[in-house]
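Dear colleague,

I am handing over the structure below for your attention. The findings follow directly after it.

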Amino acid sequence: MTTLDDLTSSSAGPAVADVSGPSRLAAPDETISAEELQLAARNHGIPLEALRYDVTPAGLHYLLIHYDIPELDPATHTLSIGGAVDRPLTVTLADLRERPRVTRQVTLECAGNGRALLHPRPVSQPWLVEAVGNAEWTGTPLAPLLREAGIDPDVVDVVFTGADHGVERGIEQDYQRALPVADALREEVLLAYEMNGAPLLPQHGAPLRLIVPGWYGMAHVKWVHSIELRTEPFEGYQNAVAYRVRRDADDPGVPVTRIEPRALVRPPGFPDFMSRRRVLRPGPCTLDGRAWSGHAPVIAVEVTTDGGESWAPAELDPTGAGDFAWRRWRHEWVATPGRYVLGARATDASGRTQPVEQEWNRGGFANNMMQRVEVVVPAE
């Protein structure tokens, strides 16, 4: 990996680092920049009305691409497994398809979901609350492959390298993330080659990606082509610098890992084009949405119609899609003329409850504060 110190200017032209600025916070009155708008156009969240689908259609699933979508040929793509192993392996996509085949419903959420709602705003991909989706991922479990390679007893991290390449905060890199070896060996972790019963789309990691149920999206490395087992902690950019919850630039922070509990409301009624405020006719209304957590199954959802001043219990649909897929919830409400702020909060079996307000952090990560859906119920 090239470091900022390696990227010095010369008479031949500017350094690579010159194209990549440091992280920063938006000024108090600063609006979304053209660079952020460019990111928002490349990446997209789920339309909230699509929360009605148990399984998110591939084109509506949230999307984050750090660099470029690489051009890869499934017929020739290989995956290498090396490092601190007894028997390095190289396998093709055809080899992986001949191995045991597993399909899991898994909810993915971007670690930066909600970032643009923080004050001051970290300047980056400006997510509101839509960076989520729930898909059926098909592939083969990772753990048997690692065991076949023969894991050195001193291995601590398993590093996954994708084919996407770029510059971030002055550092030229392939996208790489590591998992602690115990997490990489969880039986539910997959090397996936299909999404919703079809081959992966290019933007979703074709021909091969990692699926790490329960973890935020940065761990689900797309376009993966190599796995390296290491006996020392991985200090690559995406582990040691990015995706850490820190209070300030000097804080080493703690790593972002599992998804914090969250519930979203599927907005009722119909929207204003620009503001997305909702208009709802008076009368009985079923409020519903989805809830999930990467720490433990969701066991309760509460609903508010007054911005968090009061709460009422929602009914949860039975589980059935697995511990790592979202659950539908619903609540019966009688809408009377007025203005309302709808929201929901989830509690999981580990005792974590989604907050109404969020504790700020510099990267805007793991922000699971309550969604606010403004609704106007006009008089008849």
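Strands E5 and E10 are paired in the antiparallel sense, with six bridges between them. One of the residue pairs concerned is Asp157 with Arg230, the latter in E10. Please keep in mind throughout that the model is predicted.

The pairing of E10 with E1 has the parallel sense: four bridges join E1 (residues 78-83) to E10 (residues 224-230). Ser80 has Ser226 of E10 opposite, and Gly82 has Glu228 of E10 as its bridge partner.

These strands belong to an open sheet of five, in which the order is E2-E1-E10-E5-E6 and the pairing is mixed. Strand E2 (89-92) and strand E6 (171-180) each have a single partner strand, so one side of each is left without a neighbour in the sheet. On average, neighbouring strands of this sheet are turned by 25° against each other, with direction ignored. In general terms, the strands of a sheet pair through backbone hydrogen bonds, and they do so either parallel or antiparallel. Helix H3 (residues 142-149) lies across E1, E2, E5 (157-168) and E10, and its direction makes an angle of about 140° with E2.

A further open sheet has six strands in the order E14-E15-E22-E21-E17-E18, again with mixed pairing. Its edges are formed by strand E14 (270-271) and strand E18 (312-313), each of which pairs on one side only. E14 and strand E15 (residues 278-279) run antiparallel and are joined by two bridges. In this pairing, Pro271 has Arg278 of E15 as its bridge partner.

I turn next to the aromatic residues. How many aromatic pairs does the structure hold? There are four aromatic pairs. One of these is formed by Tyr243 and Phe365; the pair is tilted, with 5.1 Å from centre to centre and 35° between the planes. The two residues are 122 residues apart, and their pair links distant parts of the chain. Tyr243 is in the loop between helix H5 (237-240) and strand E11 (244-245), while Phe365 is in the loop between strand E21 (338-348) and strand E22 (373-377).

The largest pocket contains about 1,300 Å³ of space. Its lining is made up of 41 residues, and those nearest its centre are Val123, Ser124, Glu168, Arg169 and Tyr237. Helix H1 (34-42) and E5 are the elements that give two or more residues to this lining. H1 provides the largest share, five residues. By class, the lining of the largest pocket consists of 19 nonpolar, 11 polar and 11 charged residues.

For the second largest pocket, the volume is about 1,000 Å³. It is lined by 33 residues, and Leu48, Leu128, Val129, Glu130 and Arg276 are the closest to its centre. At least two residues of this lining come from each of H1 and E22. Which element gives the most to the lining of the second largest pocket? That element is H1, with three residues. The lining of the second largest pocket comprises 17 nonpolar, seven polar and nine charged residues.

Lastly, the cavities. In a search of the whole structure, two cavities of 30 Å³ or more were found. The volume of the largest cavity is about 210 Å³. It is lined by 20 residues, of which Tyr62, Leu64, Arg209, Gly217 and Lys222 are the closest to its centre. Its lining has 12 nonpolar, five polar and three charged residues.

The second largest cavity holds about 110 Å³ of space. Among its 16 lining residues, Trp292, Ser293, Asp323, Phe324 and Ala325 are the closest to its centre. The lining of the second largest cavity is made up of eight nonpolar, six polar and two charged residues.

With kind regards

Methods:
Residues are numbered from 1 along each chain as its sequence is written. This is a predicted model: local features need pLDDT of at least 70, side-chain atom pairs count only at pLDDT 80 or more; totals for chains, interfaces and linings use all residues. Side-chain values use heavy atoms; hydrogens and water are left out. On a 1 Å grid over the protein atoms alone, a cavity is a set of points where a 1.4 Å probe fits but cannot get out, and a pocket is an open set with protein on both sides within 12 Å along at least five of seven lines; lining residues have an atom within 4 Å of a point. Grid points are joined across faces, edges and corners, and a volume is the space filled by probe spheres set on the points. Ala, Val, Leu, Ile, Met, Phe, Trp, Tyr, Cys and Pro count as nonpolar, Asp, Glu, Lys and Arg as charged, and the others, Gly among them, as polar. Two strands pair if DSSP finds at least two bridges between them. Axes are lines fitted to C-alpha atoms, for helices over the stretch in contact, and angles run from 0 to 180 degrees between N-to-C directions. Contact means heavy atoms within 4.5 Å. Rings of Phe, Tyr and Trp (its six-membered ring) pair if their centres lie within 6.5 Å; planes under 30 degrees apart count as stacked, over 60 as edge-to-face and the rest as tilted.
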